Amino acid sequence: MAPYQVETVLKNIATTVGEGPHYDEATKMLLHLDILAGNIHRYNTLTKIDEMRHYDAPTSLIVPRQSGGYVIANVLNLSHLNWETGQLTHLASVDQGTRNQFNDGKCDASGRLWAGTMGYMEKPVFPEMETAFLYTLEKDLKVRRHLDKITISNGITWTNNNTKMFYTDTITREVWAFDFDLESGNLSNKKVLVKCPESLGYPDGMTSDIHENIWLAFYEGSCVVRYDTTTGKEISRIKLPTSQIASCAWGGDNYDELYVTTGHINVTDDLAGSLFKVTGLESKGRKPHIFLG
């Protein structure tokens, strides 16, 4: 891979785990989160100003909604967020009676939201095992369960033609490939695409590019790795100046800027919890989808 450049966009912006990056083309905002702190951020890529809203609960995903505002996940609730007022309007809840909480989430090309939960974690990375699930919030606001016996639901992305979905349960250190039906949202024919080496830590958030590769963040691995989705083989690796690499998303006018979020839990290095931008990758992504419900 040709030389790439890593820029620190917001130093130490996350005090716990920086997550959920989503580039909103309409506003030129990079949406991102500090999960355990309950902080939701909007970074204006034009003015370089970062805005924040705080909630007294873990908040783990944010996607724009077609009707305005955003859909966020806080603990076990999916809610509509009016950014101007800060008001949350409840949409749905899951896993009632458990100690689970929502983790990663993303919308598919039909506008439904995929969002998974994770088992209760007293300390990283030792969660309650196989207590969580993968759900969709459909456009009619009904919740549908797709996978069970999940431990840490993470990293969702699709091929350009929407016939494959890629997903990881972090604790398994595997990336799974499913046959995907966009119209129905059905998953089938699960296969292990990548068995991640323990030396890289834990697979976390991911995105995909126009060449059908996935870009996978490694928590405790100090890197984002690009994999070929046909062979499951590593193509290249981006090294970052901190260890807890949590997620990544394409942004910028040409979607050739890779934004990377990081964690800051029991890490003392100078750039822990920072938001980074990587350029010069000779690849690019696609416009992310929003919630159409």
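Q: Where is D204 placed?
A: D204 is in strand β18, residues 202-208. Strands here are DSSP runs (E, at least two residues), numbered from the N terminus, as are helices (H or I, at least four). This is a predicted model: local features need pLDDT of at least 70, side-chain atom pairs count only at pLDDT 80 or more, and totals for chains, interfaces and linings use all residues. Residues are numbered from 1 along each chain as its sequence is written, and side-chain values use heavy atoms, with hydrogens and water left out.

Q: What does UniProt list D204 for?
A: The unreviewed UniProt entry lists D204 under "active site". UniProt positions follow the numbering used here, feature names are shortened, and annotations may be inferred rather than shown by experiment.

Q: Is D204 buried or exposed?
A: Buried, with a relative accessible area of 7%. Buried means under 20%, exposed over 50%, and partly exposed in between (1.4 Å probe, protein chains only).

Q: Which residues does D204 touch?
A: Leaving out residues up to four places away in sequence, D204 touches E19, N154, G155, T168, T170, L216, A217, Y219, I245 and A246. A contact means heavy atoms within 4.5 Å.

Q: And which side chain makes a polar contact with the side chain of D204?
A: That of N154, at 3.1 Å. A polar contact is a pair of N or O atoms within 3.5 Å; within protein, one must be able to donate a hydrogen and the other to accept it, and residues adjacent in sequence count only if both atoms are side-chain atoms.

Q: New topic. How much space lies in the largest pocket?
A: About 430 Å³. On a 1 Å grid over the protein atoms alone, a pocket is an open set of points with protein on both sides within 12 Å along at least five of seven lines; a cavity is a set where a 1.4 Å probe fits but cannot get out; lining residues have an atom within 4 Å of a point. Points are joined across faces, edges and corners, and a volume is the space filled by probe spheres set on them.

Q: Which residues lie nearest the centre of the largest pocket?
A: V17, L36, N103, M118 and M121, out of 22 lining residues. Both β10 (101-107) and β18 give two or more residues to that lining.

Q: How does the lining of the largest pocket divide?
A: Into 12 nonpolar, five polar and five charged residues. Ala, Val, Leu, Ile, Met, Phe, Trp, Tyr, Cys and Pro count as nonpolar, Asp, Glu, Lys and Arg as charged, and the others, Gly among them, as polar.

Q: What about the second largest cavity, which classes line it?
A: Eight nonpolar residues, one polar and no charged. About 30 Å³ of space lies there. Strand β12 gives the largest share of the lining, three residues.

Q: Last one. What is the phi of N12?
A: Near 55 degrees, a positive value in a residue other than glycine. N12 is in the loop between β1 (5-10) and β2. E212 also has a positive phi, about 70 degrees, and is not a glycine. E212 lies in the loop between β18 and β19 (213-219).
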